[in-house]
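Please look over the sequence and the structure shown here before reading on. The report that follows is meant for someone meeting them for the first time.

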Amino acid sequence: MKIRSLILGAAAGGCAAGMLVPATGSAAVSEEAFNALSDMVSKQGQALEELKKTHEQDQLVIQQLQQQVGQTSQLATNAEQKAEAAAQSQTVYQAPNPAQTTTHNFQVIGDAEVQFGKSTGQNPTFVLADFAPIFLFRANDNILFEAGFDITLNNNANADGTRAPGSSTTVSLSFAQLDYCLNDYLTLCAGDILLPLGTYSERAAGWLNKIGDDPLVRDWLPGSGIGARLQGALPVGQSGQMVTYAVYVANGPSSGNPTNGFANAGDLDLGGNVGDTPNWHANPSGGGRLAWFIPWKVHYDLELGVSGQTGEWSDNRTHLWSACVLDAALHLGPYFEAKGEYINTWFGTDDLGNLDPHGLWVQTSYKLAGLKRDWPVINNLELVARYDNSDDAQGTYTDRYTVGYVYYFSNTLLFEGDYEFLKSHGPNALPPQMWMLQLSYGF
Amino acid sequence: MTAPLLAGVLALAALPAAQADDKAATPATPKKKISGVELYAIHCNRCHPERYPVEFDQRQWQTYMLHMRVRANLPAEQAREILKYLQEEAGY
C-alpha cells in the first residue's frame, strides 16, 4: 500500500509540474528557473525508477511467501491424511485400555495370622505363622475363578509323632473353584468347592473367626470337596429378605485304609477323596443347604439354615457317611452378634458298627463402642465368648468354654486374645486350659 | 429323588423368562426399593468388618463383589446395587 501511494504521489507531482509548465511557458522563463525545474523532474524520474525496483523486489518476496504458504498447506493436508489413516488403523487394532487389561481383573485377597500361645503341659511358644491368599480372576461379569491356599510353617516330626530336626513349609489348597453365574438365580461352582455344610467354611474361617481356633465339632466335617454345586438366592420382598439354596455333588469322604475294602472307624478320611488315581469309590456324595435370611432393619437380622450331605465312604460301598447341620446367626444392632451350629454326623464301620460324632458351638460377641462412651481404646474392643462341645462317639467327650477379645487397630488389622477352659475325658482328651494371642491381617 | 431335584433346577433356570412374561402382563407398581448403601450395611458386616469403598477401585470392586456374591450367596440384584454404591463411592 505504501509503495502504491508513493507512485501515485509522484505521478500527481509530475502532472502538477506539467500543468505548471504551460503557465510558465507563456511567461518569460529564466534559464535558472528552467534548470531548477529540469533538475526536479530528473530527480522524480530517478525516484520513480527506485520505486519500480522496490516494487519488483516486493513482488518477488510476495511470490516466495505464497510458495511457502502453499508448501505449508500441503504439509498440513498430509498430516491430516496421516492422522485419519492412524485413526482407521486404531479401529482395527485397538490399543488396550489400561482399565480393561486382564491384570486388572486379577486380584489377591486373603489373610495372614501369627499366633502365640500355651496349653497345659507345654511351654508358651509361637504356634502358628499362616499366610492364606485367595487368588481371584474375573473373566467377565459372570465368570470368576478363585483359589485359596494355606501356607504354614511346621516343625518336622517322625511318622510316630516324635520330634525330628528342622521345619518344613506346608502349602495346601483350601479350595479352587470356577464360578459361573448362569442367571440371577443360579450359579454353577465347580472344582474343589467349599461345602455349604453350615456357614463356617465359607464365612467364618481364618481371620473372619473372632476366636483364634475352630470349633471342635467342625473336625467332623470336610471343609471342601471335589465336585460341582448349583446355588442361588431368591429375594423376598424389598427389605433385603431372601431365601438361599445350594445343591451339590462331591466325591465325599473315603477310607484311608491301605487295604482296599476295609472301613474301620479310624479309617474315615473326610478330605482325602480328591479323585486322582486311584479313584477310591465311584459314587459321589450329594448334599445341599437351604436358608432364610430375615433383616428387619439395618444391622438387625436373623439367618436360619439347614444343610446336609450323604454318600458312600467305604471302598466296598457298604457304608454311608452322612451329616446334618443346623445353623443360625443373629445380629441385634451393629454391636451384638450371636451365631452357632449344631452338627450331627453318622457313618457305618466294619469294626464299631454305626457311629455318630456330633456337637455344637455357640458364639456371642459385643463391641464396646455400643456403650457410646468417649473411650478411644475401649471403643476398639470387642468381647467374645464361645461354648462348644464335641462327642467323637468313640469315648471322648469335650466341653470347652472360651472368653476373649478382639482389638481392632483398623478394619483389617486385628489383635485377638483368648482363654479356654476345657472339660475333656476319654482316650483323646484335650488339655484342661489353653490361651493364645493372635495378630490377624485381612486384605 | 433325582427327578424332583432336576425339576427344581430347571424351574429356577427358567425363572427369568417367566418373570419377563409377568412384567409384560401386569403394569409395574411402585415399591420402595432398598438402596445399595442399606444393602451394604445389611450384608457386609454380617461376616467381616466393613471394607470402605475407597479401599479398592471400581474394577477391583467388580471382581470383589462377584466373589462375595458367590461366597455369601447374595441375590444378583442386591449384589449389583451394592456394587453400584461401592463403585460410586470408590472415587477412581
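The sections below describe the chains, the charged pairs, the aromatic pairs and a nonpolar patch, and they rest on a predicted model.

## Chains and domains

The domain assignment divides chain A into domain 1, which is made of residues 1–21 + 44–84, and domain 2, which covers residues 105–442. Taken over C-alpha atoms, the centres of domain 1 of chain A and domain 2 of chain A are separated by 95 Å.

Chain B contains five helices and zero strands, and its pattern, read along the sequence, is α-α-α-α-α. Of the 92 residues in chain B, 48% are buried.

## Salt bridges in chain A

Over all chains, a search of the whole structure finds 21 salt bridges. One of these joins A:Glu420 to A:Arg386, with 3.4 Å between the closest N and O atoms. This pair links distant parts of the chain, since A:Glu420 belongs to strand E18 (residues 413–425) of chain A and A:Arg386 to strand E16 (residues 381–391) of chain A, 34 residues apart. A:Glu420 counts as buried because its relative accessibility is 1%, and A:Arg386, with a relative accessible area of 3%, is buried as well.

A:Glu420 also forms a salt bridge with A:Arg400, where the closest N and O atoms are 3.5 Å apart. Because A:Arg400 lies in strand E17 (residues 397–408) of chain A and A:Glu420 in strand E18 of chain A, the pair ties together parts that are 20 residues apart in sequence. A:Arg400 has 4% relative accessibility and therefore counts as buried.

## Salt bridges that involve chain B

Within chain B, B:Lys33 and B:Glu77 form a salt bridge whose closest N and O atoms are 3.6 Å apart.

Another arginine of chain B, B:Arg71, lies over the face of A:Phe175, at 5.0 Å from the ring centre.

## Aromatic pairs

The structure holds 17 aromatic pairs, counted over all chains. Among them is the edge-to-face pair of A:Trp313 and A:Phe347, with 5.8 Å from centre to centre and 80° between the planes. This pair links distant parts of the chain, with A:Trp313 in the loop between strand E11 (300–312) and strand E12 (320–332) of chain A and A:Phe347 in strand E13 (residues 336–348) of chain A, 34 residues apart. Both A:Trp313 and A:Phe347 are buried.

In chain B, the rings of B:Tyr40 and B:Tyr85 have their centres 5.2 Å apart, and because their planes stand at 50°, the pair is tilted. Here too the pair links distant parts of the chain, with B:Tyr40 in helix H3 (residues 36–43) of chain B and B:Tyr85 in helix H5 (residues 76–90) of chain B, 45 residues apart. B:Tyr40, at 7% relative accessibility, counts as buried, and B:Tyr85, at 18% relative accessibility, also counts as buried because the limit for that class is under 20%.

## A nonpolar patch on chain A

Which residues make the nonpolar surface patch of about 480 Å²? The patch is made by A:Phe106, A:Val108, A:Phe135, A:Phe137, A:Phe145 and A:Leu178. Strand E1 (106–119) and strand E2 (125–138) of chain A each supply at least two residues of this nonpolar patch.

A:Val108 lies in strand E1 of chain A, and at 37% relative accessibility this valine counts as partly exposed. Two of the phenylalanines named in the patch, A:Phe106 and A:Phe135, form one aromatic cluster together with A:Phe149.

Notes. Residues numbered from 1 in each chain as written. Chains lettered and ligands numbered in written order. Predicted model: local features only at pLDDT ≥ 70, side-chain atom pairs only at ≥ 80, totals over all residues. Heavy atoms only, no water. Patch = residues over 30% accessible without salt bridge, like charges linked within 9 Å, V, L, I, M, F, W, Y side chains within 5 Å. Areas by Shrake-Rupley, 256 points an atom, 1.4 Å probe, with all protein chains shown as cover. Salt bridge = Lys/Arg side-chain N within 4 Å of Asp/Glu carboxyl O. Helix = DSSP H or I, 4+ residues; strand = E, 2+ residues; numbered from the N terminus. Buried < 20%, exposed > 50% of the residue type's maximum accessible area, 1.4 Å probe, protein only. Phe/Tyr/Trp six-rings, centres within 6.5 Å; stacked < 30°, edge-to-face > 60°. Lys NZ or Arg CZ within 6 Å of the ring centre and 35° of its normal. Domains from an automatic or database assignment.
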